[in-house]
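Open the model in your viewer and keep the selection tool at hand. We will go stop by stop.

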Amino acid sequence: MVIGKPCPDDETLVDYLEGRLSDEYRRAIDAHLVACTSCREQVAVCADVMNATSLTDDMVQAPDPLTRKTLEQVRSADSRKKTRGMLSRTRRLLTAGLEKVERLTLRLDAAPVVLRGNGKERAENIIRRQKTFNQTTFIIELEKTGPDQAVLRVFPERETTDRYQTTKGELLRVSLFRGDRELVSATVSKEPVVFEDIDFGAYVLAFVQHGEKIGEYAFELNESAD
Amino acid sequence: MSFKNMADAPTEHTLLAGCLAGDRNQQEAFVCHYTNLVFSTIHGVLRSKAACLSQMDIEDLHSTVFLRLMERRCRKLRQYQGRNGCSLASWIRMITVRLVLDHLRSSKDALARPERIEPLTDHFEIPSEGPSPLARLTAREQQAFVETGLHALSNRDQLMIRLHFFEGCSLSQVARILNLTDANVHSVKHRAVQRLKEAVARQAAEMK
């Protein structure tokens, strides 16, 4: 089974930079930074910014009109409105042309789904979707593991496990994006790809073959109404 | 009202608690309190990456940081835990760095899309001004050699080499990232380079 963990959260990266992690945890973050270029870049740039300024007197002063404009936007925004600004525009650019973002709610009383194994079983906290890209059918499974968290599993449908590998021997790759940021990526094999500790929010799962994207599944995990 | 001279600047805890409770006044005080930090960080990232953005983009990013923190009943802000003594200001700075980097990456991707793909035959006889194909192949092979040597090093040594030599980070940046003093970082760098040389030499010997 291939396990891919998402990147460390921002607070962990701050603790790493400010030297508050245990030696063991620090070594784990070192290993992640060796492999993850986006986290490494984030940490390097933050270190540069920290070296250049303190949190008080060296800061560039924001112009009053800018602060007023931001205040105005915060006042007028409410919980139902989408964020205006580059992030929402980026998300719209990313999802433009894709199938509609599917909003999923993970809750304790989820409808029963057919699980792997024999016959139907009543499942709790699990949502399952089947998507076909380039004649390969994938099962995408989301299971709630805690408050605002889920685990994501991706694997080829049993009947198509022989077709996931192309005639040239190149394997399929699946990547999980949040906004513009690739969180984690793994090679699809006969064993499930597992992404743990997925926070609730909007994601895009991208499938790549021959270095080209063959399909995407956009979804948004929401909190249970319970 | 001067945003620079707020009397009785509120504590982080007061601001955070007020925002999470939906207190509009505290949310506005939050913006006023951190407006300089966010603006300064945006400029810091642009300086670090030697990037340029229009005034409108900078203003958009400034607003986006706060909107992202406040939207959906401060959903993002609720993720801050302050464990291990991480300050709210440091956390906001890290979030701002990530947002600006994400924006720069998306802008680069947008610019990288070719407007038009021209057939190769139309430019068959234009000479290249860059390195020769042999030089490029040699450089790629050398790079592959170094990469293999790198994988034989510890994670700390790899980070030192990648950050300083591949990604152009200053030694003071690397010192902060690896939690080293300015004095130590030079010797750590020297040892990492020595180990890389030994690893590459071993690799070369094995190939003979």
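Predicted model: local features only at pLDDT ≥ 70, side-chain atom pairs only at ≥ 80, totals over all residues.

Select B:Asp102. This residue is buried, with a relative accessible area of 9%.

Next, select A:Arg40 and B:Glu167. They form a salt bridge too, with 2.7 Å between the closest N and O atoms. A:Arg40 sits in helix H3 (residues 37-52) of chain A and B:Glu167 in the loop between H6 and H7 of chain B, so this pair joins two chains. B:Glu167 is partly exposed, at 37%.

Now show chain A and chain B together. How many salt bridges run between them? The count is 12. The interface also has 28 residue pairs in polar contact. Color the side of chain B that touches chain A by class: 24 residues are nonpolar, 22 polar and 23 charged.

Zoom out. On chain B, 69 residues are in contact with 65 residues of chain A. The area buried between the two chains is about 6600 Å², and carbon and sulfur atoms give 56% of it. Pick out B:Arg93, B:Met94 and B:Arg176. These three supply 11% of the area that chain B buries against chain A, more than any other three residues.

Select A:Arg153 and A:Glu143, a salt bridge with its closest N and O atoms 2.8 Å apart. The pair links distant parts of the chain: A:Arg153 is in strand E5 (residues 149-156) and A:Glu143 in strand E4 (residues 136-146), 10 residues apart. A:Arg153 is buried, at 18% relative accessible area, whereas A:Glu143 is partly exposed, at 22%.

Finish with two loops of chain B. Select B:Ala50, in the loop between H2 and H3. Its phi is near 50°, a positive value in a residue other than glycine. B:Ala50 is exposed, at 72% relative accessible area. Then go to B:Asn179, in the loop between H7 and helix H8 (182-207). B:Asn179 also has a positive phi, about 60°, although it is not a glycine. This residue counts as partly exposed, at 45%.

Terms used
Residues numbered from 1 in each chain as written. Chains lettered and ligands numbered in written order. Heavy atoms only, no water. Contact = heavy atoms within 4.5 Å. Buried area = accessible area lost by both parts, 1.4 Å probe. Salt bridge = Lys/Arg side-chain N within 4 Å of Asp/Glu carboxyl O. Polar contact = N/O pair within 3.5 Å; in protein donor to acceptor, adjacent residues only side chain to side chain. Nonpolar A, V, L, I, M, F, W, Y, C, P; charged D, E, K, R; others polar. Helix = DSSP H or I, 4+ residues; strand = E, 2+ residues; numbered from the N terminus. Buried < 20%, exposed > 50% of the residue type's maximum accessible area, 1.4 Å probe, protein only.
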